[in-house]
Amino acid sequence: MAAKSPGDGTPRRPVLPASARKIKDNAADWHNLMMKWERLNDNGFTTANKIVNIKISEQFQDNKMEIACDNPGSEKPAPKYSEELDNCCEELLETLKHMTKIQLKMEKLTSTTKAICDLEAFHHRAGNCTAPIFHTWPTPYFYEVSLKLSEMYKKELQLKQTIVQEIAHSADQDLMMVYLSSWLYQPYIENSSKLLLEAMLLETRHRRC
């Protein structure tokens, strides 16, 4: 029996042009980065919650000491150093550093997509009109989606930077709860972000309809 050549088996997938492969890779990278961000957000919330609980406990103890020190001749004790609080602050700062790296990678993905758009526009001006790379999205729409997602995460990162700077120094319990809620629910990352990601994965054939 004659041996089958490599072309005799299952039909191969069509070979994508270089720009299409890059956009498809970018879509997968967006998915991975957004999943990593969510895990870090959960970890950061756990750490921030510990910080708030430590602060509330310290305030409770301080109030008790102030009451005890109201007696004439009593000296107010100096604030105690909390190693646990310090460790939690370092942990939250480390989480923020990882989130910063992710956001920078998101900006790089957006820049790469913009470069592909510029290259395609150059070919279009030269008279080489091209059909959509995948199903229906024109290449500039990949850039629009990437830019929108990137801006969401950029604003959210700026909020988290403020939270990390302030949460351990606040004496207002209500404000600390606002910081916690803001960290968890990420107000700058719109609900549409997941829909945009899923649409991009569908368009680039990472997802099946």
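1. Ile116 counts as buried because its relative accessibility is 10%; buried means under 20% relative accessible area, exposed over 50%, and partly exposed in between (1.4 Å probe, protein chains only). Setting aside residues up to four places away in sequence, Ile116 touches Ser19, Lys22, Ile23 and Thr139, where contact means heavy atoms within 4.5 Å. Thr139 and Ile116 are 23 residues apart in sequence, and their C-alpha atoms are 7.9 Å apart in space.

2. A word on what you are looking at. This is a predicted model, in which local features need pLDDT of at least 70 and side-chain atom pairs count only at pLDDT 80 or more, while totals for chains, interfaces and linings use all residues. Residues are numbered from 1 along each chain as its sequence is written, and side-chain values use heavy atoms, with hydrogens and water left out.

3. Now for the nonpolar core. A core of this kind is a set of buried Ala, Val, Leu, Ile, Met, Phe, Trp, Tyr and Cys residues joined through side-chain atoms within 4.5 Å. The largest one has 42 residues, and those touching the most other members are Trp30, Leu149, Ile167 and Met200. Two or more residues of this core come from each of α1, α2 (83–125), α3 (139–166), α4 (173–185) and α5. Helix α1 provides the largest share, 12 residues. As background, nonpolar side chains tend to be buried together in soluble globular proteins.

4. Apart from neighbours within four places in sequence, Leu149 is in contact with Trp30, Met34, Ser193, Leu196 and Met200.

5. Which residues line the largest cavity? They are Ile23, Asn26, Ala27, Trp30, Thr113, Phe142, Ser146 and Met200. On a 1 Å grid over the protein atoms alone, a cavity is a set of points where a 1.4 Å probe fits but cannot get out, whereas a pocket is an open set with protein on both sides within 12 Å along at least five of seven lines; lining residues have an atom within 4 Å of a point. Grid points are joined across faces, edges and corners, and a volume is the space filled by probe spheres set on the points. The count comes to 1 cavity of 30 Å³ or more, and the largest cavity holds about 40 Å³ of space. Both α1 and α3 give two or more residues to its lining, with α1 giving the most, 4 residues. By class, this lining has 5 nonpolar, 3 polar and no charged residues. Here Ala, Val, Leu, Ile, Met, Phe, Trp, Tyr, Cys and Pro count as nonpolar, Asp, Glu, Lys and Arg as charged, and the others, Gly among them, as polar.

6. Asn26, one of the cavity-lining residues, has its place in helix α1. Asn26 is buried, with a relative accessible area of 2%. Not counting residues up to four places away in sequence, Asn26 touches Leu109, Thr112 and Thr113.

7. The second largest pocket has a volume of about 250 Å³. It is lined by 13 residues, and the closest to its centre are Glu38, Ile189, Glu190, Ser193 and Lys194. The elements giving two or more residues to this lining are α1 (18–68) and α5 (192–203), and α5 gives the most, with 4 residues. The lining of this pocket divides into 6 nonpolar, 3 polar and 4 charged residues.

8. How many aromatic pairs are there? The count comes to 3. Rings of Phe, Tyr and Trp (its six-membered ring) pair if their centres lie within 6.5 Å; planes under 30 degrees apart count as stacked, over 60 as edge-to-face and the rest as tilted. Trp37 and Tyr153 are edge-to-face because their planes are at 85°, with the ring centres 4.9 Å apart. This pair links distant parts of the chain, with Trp37 in helix α1 and Tyr153 in helix α3, 116 residues apart. Trp37 and Tyr153 are both buried. Trp137 and Phe142 form a tilted pair, 4.9 Å centre to centre with 55° between the planes, and Trp137 and Phe142 are buried as well. Together, Trp137, Tyr141 and Phe142 form one aromatic cluster.

9. Gln186 has a positive phi of about 45° although it is not a glycine. Gln186 is also buried, with a relative accessible area of 5%.
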